[in-house]
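Keep the coordinates open in a viewer while reading.

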Amino acid sequence: MAYIYKGVNGKKITEVIASNDGVQGEIWARTFEIAARAEALLVQHRAEGIAKVDMLKGDIDGYVVLEDTNRTNTGSGKGKANSAASIEFGRSAYDVEVVNDEGQVVDEYTVGAMEGLYILTEASHLPKKRRAVRTPKTVKIKRRRRSGGRG
């Protein structure tokens, strides 16, 4: 293996090559191809139309991102769903307990397991890596009160 230590204007030679216009054009072309394949795969499985495929440009690299921004996964913190990860890799089943303001359980239900669709993995022609099976869990959520004169 050859090692190249010298660079140009304080940059490593790999950075100089990667920032070349021709190389950048090819990176963006391949990013677009992967994004187009991913969007086609996502459309085949789309139920509600919330998830989408997006392309982002970094300093050198191009990124294809699966996004799913809805009210159940906005913000951060414990108990927030990551729907894009669940779409890609699947999820284990889990139990949900709905509690009122006093902390009493008012409803219980189970969210079923879901096999991953591997949208980005398939579009990139990468091998699938299965997630490890997780221990069943119970999630507690606060009951939402309806507003606007409905019940």
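**From one leucine to a core and a sheet**

Leu42 has a relative accessibility of 4%, so it counts as buried, the cut-off being under 20%. The model is a predicted one. Leu42 sits in helix 2.

What does Leu42 touch, leaving aside neighbours within four places in sequence? Its contacts are Ala51, Lys52, Val53, Leu66 and Ile119. Take Leu66 from that list. Leu42 and Leu66 are 24 residues apart along the chain, and their C-alpha atoms are separated by 9.3 Å.

Now widen the view. In soluble globular proteins, nonpolar side chains tend to be buried together. Here the largest nonpolar core has 10 residues: Ala35, Ala38, Leu42, Ala51, Val53, Leu66, Ala84, Ile87, Ile119 and Ala123. Helix 2 gives the largest share, 3 residues.

Ala38 is another member of this core. Beyond its neighbours within four places in sequence, Ala38 is in contact with Val53, Ile119, Leu120 and Ala123.

Next, follow helix 2 itself. The helix has 25 residues. From first C-alpha to last it reaches 36 Å, close to the 36 Å expected at 1.5 Å a residue. Asn20 caps its N-terminal end. A side-chain oxygen of Asn20 lies 2.8 Å from the backbone nitrogen of Gly22.

Which residues of helix 2 are buried? They are Gln24, Thr31, Ala35, Ala38 and Leu42. What do these buried residues pack against? Their partners are helix 1 (13-18), strand 3 (52-57), strand 4 (62-67) and helix 4.

Turn now to a sheet. Strands of a sheet pair through backbone hydrogen bonds, either parallel or antiparallel. This open sheet has 3 strands in the order 7-6-9, with mixed pairing. Strand 7 (105-111) and strand 9 (138-142) stand at the edges. Each has a single partner strand, so one side of each is left without a neighbour in the sheet. On average, neighbouring strands of this sheet are turned by 25 degrees against each other, direction ignored.

Strand 6 (residues 94-99) and strand 7 run in the antiparallel sense, paired over 6 bridges. Val99 has Val105 of strand 7 as its bridge partner.

How values were computed:
Residues are numbered from 1 along each chain as its sequence is written. This is a predicted model: local features need pLDDT of at least 70, side-chain atom pairs count only at pLDDT 80 or more; totals for chains, interfaces and linings use all residues. Side-chain values use heavy atoms; hydrogens and water are left out. A nonpolar core is a set of buried Ala, Val, Leu, Ile, Met, Phe, Trp, Tyr and Cys residues joined through side-chain atoms within 4.5 Å. Buried means under 20% relative accessible area, exposed over 50%, partly exposed in between (1.4 Å probe, protein chains only). Helices (H or I, at least four residues) and strands (E, at least two) are DSSP runs, numbered from the N terminus. Contact means heavy atoms within 4.5 Å. The expected span of a helix is 1.5 Å times one less than its number of residues. A polar contact is a pair of N or O atoms within 3.5 Å; within protein, one must be able to donate a hydrogen and the other to accept it, and residues adjacent in sequence count only if both atoms are side-chain atoms. Two strands pair if DSSP finds at least two bridges between them. Axes are lines fitted to C-alpha atoms, for helices over the stretch in contact, and angles run from 0 to 180 degrees between N-to-C directions.
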